[in-house]
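Please look through the structure shown here, and then read the briefing below with it at hand.

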Amino acid sequence: MLKSIKQKFRNWAFRRTVETGTVVLNQRRIYILPTRSGFGFALVLVLMLLGDINYDLSLGYVLTFLLAMLAMMSMLHAFRNLAHLQIHAGHIEPVFAGEAARFVFHFDNPGTLARYQIHLRDDAGHRTVCDLPARRSTAMQLDIPATRRGWMDSGRLSLYTEFPLGLFHAWSYLHFDVRALVYPQPAAPLPLPAQSAQNGTGKILAAGDEDFSGLRSYSPGDPLPRIAWKALAREQGLQVKQFSAPQGHELWLDWSHTPHPGLEQKLQVLTRWVLDADAQGLIYGLRLPDSELAPQNNPAHRTECLRRLALFGMPPPSRKRGEGAEPP
Amino acid sequence: MNKPLVYSLILCILLVASPHATHLPPWVSSLCAMLLMWRAYLTYSGRPLPSRWLLFIITLAGVAAIAIGFHTLFGREVGVTLLVLLATLKLLELRGTRDATGLIYLSCFILITDFFYSQSMATALLMFAALLAIVAAWLRVQTPHITFKPQLRIAAILLLQAVPLMLLLFVLFPRVQGPLWGLPQDAYNSSGLSDTMSPGSLSKLSLSEAVAFRVTYRSAVPRRDQMYWRGPVLWQYDGRTWTTGSAPFNFAPHFDATAQPIAYSVTLEPHNKKWLYALDVPSTLPAGARLSDDFQLFGKEAVNARQRYEMISNLVYHANVEESAQQRQRALQLPKRLNPRTLELAASWRAAQNSDASIVQTALRYFNQQNFSYTLEPPLLGSNGVDDFLFQTRQGFCEHYASAFVYLMRAAGIPARVVTGYLGGEFNAVGNYYIVRQSDAHAWAEVWLAGQGWVRVDPTAAIAPERVQKNSSAAVKNNAALPFMARNPPLWLSKLRLNLDALSNQWNQWVLGYNPERQFALLTRMGMKDVSWQKMARDLMLGLSIIIGVFALLMFRHLFARSNDPVQAAWLRLCKKLAKAGLPRAPHEGALDYARRVAAARPKLACQMLDIAGRYLSLRYGEARDAEALRAYRDALRAFKL
């Protein structure tokens with residue numbers, strides 16, 4: 001109850017806006033409050049002051065005032081530790097559900113001052129910390145577990161520091177227009193679908209090895225087992241054996257062939273099949289209820305398949321500020 | 001817990017606890033030292049910390065032993081002892097950031113307890129050192145992986161920035177007169193004169209170098225033989241010890257101050273007694289003080305903090321000319337059946353002379369002519385002490401002479417009493433004031449003469465006039481027993497000592513003695529009208545904002561990028577030069593493209609130009625920048641001529 005009120009107050013006090021491009025932390029974006037340890041220190045100072053008055057300790061006054069002013073200056077140092085950092089969001093690799101999405105932010109520290117103990121935290125409490133050397137751009141990576149497929153927003157992040165003495169908490173909110181693409185979690189290993197009625201089983205790529213079709217001269221990169229050692233012995237030069245691949249037989253990974261009834265489970269199975277088929281070098285196509293990808297085998301194809309699976313049935317993303325930095 | 005943090009914390013505890021080492025019970029000091037060493041060893045060797053059970057047992061045993069040793073667990077000394085022990089033990093079960101922060105706070109607390117025992121300048125310096133260690137450790141609690149140099153630098157910056165702010169707070173923070181609550185009995189230590197005198201008590205005191213008080217004369221400085229600082233007046237004698245006795249009534253003192261008013265201020269070190277010291281006789285009293293019927297000055301409460309008071313005394317006076325019969329009777333009291341030979345001598349003087357004044361002169365002549373000597377180490381006296389002294393040993397310190405003289409006077413029927421206090425003092429030309437030390441303690445006599453009242457007679461002057469004219473080191477022939485500095489130290493050493501004392505006097509006056517009155521006086525002098533806490537708070541806020549504002553400006557200038565890269569600056573200079581020669585660099589053009597274009601346009605310069613561009617690129621965007629490459633780059637630029 002209290003927590004939700006706190007959350008509501010925060011949302012009201014610190015407007016939720018989503019940002020694009022580079023954010024510069026100016027003084028209007030940095031908030032500062034004493035920490036619990038800061039309040040504890042204030043209590044220590046009050047006790048010390050009472051002791052000074054009671055025992056008439058002049059040096060005690062000196063010490064108490066020094067510590068109090070030290071604490072005061074530490075507020076300025078905490079503020080400065082965040083001030084004028086320039087931040088932009090970096091590229092985010094797609095991940096599978098169940099893994100952690102790695103949100104990368106680039107912190108540019110243009111001045112001659114090193115920044116220490118800069119923390120980045122999301123509302124759920126995932127955090128990361130690093131120091132930012134002077135005149136350097138440093139990448140900071142925040143891992144947030146991806147639970148659901150589709151686009152994943154980092155949410156609003158707090159960037160905070162309690163440097164130098166832990167007495168003050170200086171913080172700023174960051175909410176970048178960046179999303180991580182989360183693929184469905186691959187299902188447990190299961191065999192690839194059997195040959196369908198229309199199509200044969202998945203066939204291996206053109207460089208098949210079933211029917212020997214002749215020799216050609218060697219070019220760099222050809223695998224060693226394909227070298228025709230006998231031809232070399234016959235002093236015909238370095239030759240490579242060629243095989244013809246069976247054509248017209250492709251593997252279709254079909255929505256309707258998945259064994260499970262549930263939508264998410266079907267997607268998980270298809271994800272598993274895409275991964276397995278790609279790893280085995282098969283030529284495969286993906287057939288979903290609303291779309292179809294022609295059989296191929298290359299990294300771009302794999303990515304596109306996984307992307308279709310990730311976004312299947314998702315409403316098109318609605319962004320507040322047009323099209324942001326969408327990961328490729 | 002990383003190792004540097006543990007070492008930093010050990011250093012903190014060591015620095016804040018070491019001033020306590022001498023006055024803690026020896027076993028606590030050595031236990032703490034051992035625990036610290038053990039902790040350092042565990043950290044060094046990477047062994048695990050002791051189990052909580054072991055620590056619990058050590059803690060329990062330690063606290064129990066302290067409770068038994070002190071017979072209590074309350075009070076200042078016990079509190080300090082417990083704090084030091086517990087802080088040291090805490091170091092052995094350091095488990096997280098919170099523990100470390102707690103230990104930092106604890107060491108701040110122990111640091112302030114050092115001031116119960118000493119608030120000298122040396123202590124202040126040690127405080128700064130300890131504070132630097134504390135801030136450095138604190139920084140490391142928050143920033144575990146910071147390297148040593150920035151750690152020390154940031155700690156020093158924080159501390160230095162706090163200093164001017166602290167000074168402003170020190171001056172302007174509205175001061176409250178303590179104490180706020182009752183202080184424990186052991187809050188103060190005392191040294192100095194007591195209100196009794198027996199053989200040996202003053203000669204023992206005269207071995208002490210400690211400062212009793214300091215005097216600044218605001219008018220003419222009196223002669224040395226007029227600098228009699230009156231302390232307790234002793235009436236009652238039991239054959240061995242003089243005590244103040246008690247007056248049957250409280251008479252109002254009465255004196256005609258006739259001439260030579262002297263204005264001066266005294267800064268009295270705490271001696272935990274109620275009386276104050278003044279020159280005979282005070283005519284204006286400090287606020288709250290009163291004068292007893294024997295002209296002794298008393299404050300309201302025991303002097304347990306350094307106290308400064310202003311007053312005026314008249315050196316020429318008639319005191320209690322109309323003394324009451326009871327008081328005169330008190331001043332004739334003698335112990336019964338003691339010192340028969342002294343009584344006999346006094347009776348013979350009384351028979352020969354009829355005026356009291358001539359008997360006084362006879363007694364002084366007696367001391368002067370009968371081979372008496374002045375020494376710090378007189379032989380022991382028997383039960384008839386005055387007889388032994390007057391007729392056998394004839395060696396003594398001022399208390400022997402004052403005692404014997406008053407005895408003689410009383411035996412001859414002249415009211416007399418012993419006065420203790422200080423005589424003289426050392427002039428400090430650096431600070432233009434006099435230092436009166438415990439070694440200046442003195443005892444003299446007062447006799448009451450009809451028509452003149454109480455008159456001061458110093459029998460010591462009859463034996464050792466140097467004591468009155470100079471100091472005890474001049475008077476005592478064999479002065480090996482005197483403290484080193486009270487003998488005749490080399491000139492440079494006494495000069496150094498005077499300088500140090502002048503400095504410490506300023507320190508006492510302005511730092512340690514800065515109380516509500518001083519604050520009021522200082523602020524009035526600086527032009528604040530009608531000093532009030534509201535005005536102080538206003539000025540304080542204003543001053544703090546200004547200083548912090550200046551700091552902020554200085555601090556924030558490091559945040560912005562400045563193209564103060566010498567490599568780039570040199571390159572830009574070259575581009576400018578070429579632009580003047582008609583080959584300007586296009587805004588989009590990279591260094592290498594530009595160099596190629598220049599090379600094409602000026603084939604003679606091609607080689608040099610491409611070389612410079614290459615060096616520029618590797619220096620500015622390459623991995624490391626070494627001094628050798630930088631020099632070569634500069635040489636190449638210098639050699640480049642259009």
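The buried residues of α5(B) pack against α2 and α3 of chain A, together with α1 (3-17), α4 (76-91) and α6 (121-142) of chain B. Here a residue is buried if 20 or more other C-beta atoms lie within 10 Å of its own, exposed if 12 or fewer, and partly exposed in between, with C-beta atoms placed from the backbone. Two residues are in contact if their C-beta atoms, placed from the backbone, lie within 7 Å. This is a predicted model, in which local features need pLDDT of at least 70 and side-chain atom pairs count only at pLDDT 80 or more, while totals for chains, interfaces and linings use all residues. Residues are numbered from 1 along each chain as its sequence is written, and chains are lettered from A and ligands numbered from 1 in the order in which they are written.

**Helix α5 of chain B**

- The buried residues of α5(B) are A100(B), L103(B), I104(B), L106(B), S107(B), C108(B), I110(B), L111(B), I112(B) and T113(B).
- Helix α5 (residues 97-113) of chain B has 17 residues, which at 1.5 Å a residue should span 24 Å, and its end C-alpha atoms are 25 Å apart, which agrees; the expected span of a helix is 1.5 Å times one less than its number of residues.
- Helices (H or I, at least four residues) and strands (E, at least two) are DSSP runs, numbered from the N terminus.

**Where the two chains meet**

- The contact between the chains takes 42 residues from chain A and 49 residues from chain B.
- On the side of chain A that touches chain B, the elements that give two or more residues are α2 (36-55), α3 (58-82) and β6 (115-122) of chain A, and α3(A) gives the most, with 17 residues.
- By class, that side of chain A has 27 nonpolar, twelve polar and three charged residues, where Ala, Val, Leu, Ile, Met, Phe, Trp, Tyr, Cys and Pro count as nonpolar, Asp, Glu, Lys and Arg as charged, and the others, Gly among them, as polar.

**Chain A as a whole**

- Chain A holds six helices and 17 strands, and of its 328 residues 34% count as buried.
- Among contacts in chain A between residues at least 6 apart in sequence, 69% join residues at least 24 apart.

- Strand β3 (residues 86-89) of chain A is joined to β5(A) by four bridges and runs antiparallel to it, with F107(A) as the bridge partner of I87(A); two strands pair if DSSP finds at least two bridges between them.
- Ten bridges join β5(A) to strand β8 (residues 136-145) of chain A, again antiparallel, and here F107(A) stands opposite T138(A).

**Strand β10 of chain A**

- Four of the five residues of strand β10 (residues 157-161) of chain A are buried, so this strand is largely enclosed by the rest of the structure.
- Four bridges join β6(A) to β10(A) in the antiparallel sense, and L120(A) has L159(A) as its bridge partner.
- Five bridges pair β10(A) with strand β11 (residues 168-174) of chain A, also antiparallel, and T161(A) stands opposite A170(A).
- The hairpin of β10(A) and β11(A) has six residues between the strands, and in this hairpin G166(A) takes a positive phi near 75 degrees.

**Two helices of chain B that cross**

- Helix α12 (residues 385-393) and helix α13 (residues 398-411) of chain B pack at an angle of about 105 degrees, with their axes 10 Å apart; axes are lines fitted to C-alpha atoms, for helices over the stretch in contact, and angles run from 0 to 180 degrees between N-to-C directions.
- That angle makes α12(B) roughly perpendicular to α13(B), since angles under 35 degrees count as roughly parallel, over 145 as roughly antiparallel, 65 to 115 as roughly perpendicular and the rest as oblique.
- V386(B), F389(B) and L390(B) in α12(B) meet H400(B), S403(B), A404(B) and Y407(B) in α13(B), and these contact residues divide into five nonpolar, two polar and no charged.
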